[in-house]
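Here is a friendly set of notes to read beside the picture. Please keep the model open and find each place as you come to it.

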Amino acid sequence: MIVVGLMSGTSADGTDVAVVHIEGAPPDLRWQLIHFLTVPHPPALREAILQAMHPQTGRVDLLCRLDALLGEQFAQAALEGIRGAQLDPKDVHLIGSHGQTVWHAPTETPPSTLQLGKAAIIAERTGIPVVSDFRSRDMAAGGQGAPLVAYVDLLLLQDEHRPRAAQNIGGIGNVTFIPPRDRADLPPLAFDTGPGNVLIDHLVSRATRGQATYDRDGHLAARGRVDEELLRELLAEPYYRFPPPKTTGRELFTAEYARRIWEKGRARGLSAEDIIATVTALTAHSIAQAYRDFLPAFPQDVVVSGGGANNPVLMAMLRDLLAPARVVPSDAMGLPVDAKEAIAFAILAYETWHGRPGNLPEATGARARVVLGSITMGR
Ligand SMILES: Nc1ncnc2c1ncn2[C@@H]1O[C@H](COP(=O)(O)OP(=O)(O)O)[C@@H](O)[C@H]1O
Ligand SMILES: [Mg+2]
């Protein structure tokens, strides 16, 4: 099958589109990436998403309209990806659309989650069936609805002998521990490690008065000095100590949270670059600490994906803190860092289409393996 995976993460930077050829069934599933692109969100759309994610500004009329706007945006992104792959929509069998998470409350009673981007619009514009709303079924089965990529990580990155960690660094950081095949005693595990780029992005926007939305190639962090005392204070955030399964998001790491870091840094006489270096170190330290506290074994390979893999300062900090593990971008394993999550949702959609479960109870805490998502028929 030819499957398009669509993903827009907590960074709300754009729609990642992966056109993937998939065949077979686990454990013998074969895939090949045909084409990948990111369609950046227009600034007004990004602004609306960030407003929708906030309880004070996420009004119901905005949410309703955004659901449709994102449906159109995802549909156009899918069509652009299909053109880029030099295919016709008629050649494409399926779309897996993660949607845009605006709220995720897995630990409340009842647990709930909301991803926007109407599947009906995507199916109507493309004529292709769409699998969407992947997280709800896992939550209905008692899981946290995340991380869902864990199942695919296991499928694609498991080694015979080497324990591995697949670390994604999007807005939020999440890890999948992948035990080697020869260690049946070690369980897989996955959880959110804490902030990925979300705090860096907030603080860069603040420091540059909105001129930049992220620390491109770590340029600002490279010019700053990590303030150990502020770092220690930030690492006292209780989330890092909670045992997995656990997930987090912009609900915790808000603009207000970043503002408090900014004020603390300024009060300590730090420059903008020092503060950005310090939150970059926070991402790296929260990841390393989580591995030491919670992983069933220390990984020999750490496979990094997501936009954070493009930040050389962050990668250098991770190499330093995770030694002697080999820290490599996922490209080294044939998974382009920016495409990995979109590829994962193409594969999860493929599994759903074949009636196979796509959650990993060890990762989400669900009572059972369940078939994920809702299917909207094509033409
Ligand atoms: N060249 C780069 N240098 C530094 N950071 C980058 C670079 N490219 C992307 N990023 C970071 O990655 C983020 C987007 O990562 P992504 O994996 O798309 O996250 P999400 O899944 O949350 O959308 C950006 O907001 C930015 O912080
Ligand atoms: Mg993104």
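The numbered points below start with the ground rules and then go from domains to single residues.

1. **Ground rules.** This is a predicted model, in which local features need pLDDT of at least 70 and side-chain atom pairs count only at pLDDT 80 or more, while totals for chains, interfaces and linings use all residues. Residues are numbered from 1 along each chain as its sequence is written, and chains are lettered from A and ligands numbered from 1 in the order in which they are written.

2. **Two domains.** The assignment gives domain 1 (2-145 + 340-376) and domain 2 (149-333); such bounds come from an automatic or database domain assignment. The C-alpha centres of domain 1 and domain 2 lie 23 Å apart. Their contact takes 22 residues from domain 1 and 26 residues from domain 2, where two residues are in contact if their C-beta atoms, placed from the backbone, lie within 7 Å.

3. **The domain 1 side of the contact.** Which elements supply at least two residues each to the side of domain 1 that touches domain 2? They are β4 (94-105), α12 (340-353) and α13 (361-364). Helices (H or I, at least four residues) and strands (E, at least two) are DSSP runs, numbered from the N terminus. The largest share, five residues, comes from α12. By type, this side of domain 1 divides into nine nonpolar, 10 polar and three charged residues. Here Ala, Val, Leu, Ile, Met, Phe, Trp, Tyr, Cys and Pro count as nonpolar, Asp, Glu, Lys and Arg as charged, and the others, Gly among them, as polar.

4. **The nonpolar core.** In soluble globular proteins, nonpolar side chains tend to be buried together. In this model the largest nonpolar core has 108 residues, and Val 4, Leu 6, Ala 78, Ala 342 and Ala 346 touch the most other members. A nonpolar core is a set of buried Ala, Val, Leu, Ile, Met, Phe, Trp, Tyr and Cys residues joined through C-beta atoms within 7 Å. Helix α10 gives the most to this core, with 10 residues. Domain 1 and domain 2 both give residues to the core, so it lies between them. To see one member's surroundings, look at Val 4: leaving aside neighbours within four places in sequence, its contacts include Val 17, Val 19, Ala 78 and Ala 346.

5. **Helix α9.** The 13 residues of α9 (residues 255-267) should span 18 Å at 1.5 Å a residue, and the end C-alpha atoms are 18 Å apart, which agrees. The expected span is 1.5 Å times one less than the number of residues. Ala 258, Ile 261 and Gly 265 are buried in α9. A residue is buried if 20 or more other C-beta atoms lie within 10 Å of its own, exposed if 12 or fewer, and partly exposed in between, with C-beta atoms placed from the backbone. Seen down the axis, the buried residues of α9 fall within an arc of 55 degrees, so they line one face of the helix; the arc is that of the directions from the helix axis to the C-beta atoms. They pack against α6 (198-207), α8 (228-234) and α10 (272-294). Turned away from the buried side are the exposed residues Glu 256, Arg 260, Glu 263 and Ala 267.

6. **Helix α11.** Val 313, Leu 314, Met 317, Leu 318 and Leu 322 are buried in α11 (residues 312-322). They cover an arc of only 150 degrees around the axis, which puts them on the same side of α11. Their packing partners are α7, α10, β10 (301-305) and β11 (326-329).

7. **Backbone details in loops.** The bond from Pro 26 to Pro 27 is cis, with omega near 5 degrees, and Pro 27 sits in the loop between β2 (14-25) and β3 (28-40). The bond from Pro 244 to Pro 245 is cis too, with omega near 5 degrees, and Pro 245 lies in the loop between α8 and α9.

8. **Buried or exposed?** Ala 12 has a positive phi near 55 degrees and counts as buried, with 23 C-beta neighbours inside 10 Å. Asp 217 also has a positive phi near 55 degrees, but Asp 217 is exposed, with 12 other C-beta atoms within 10 Å.
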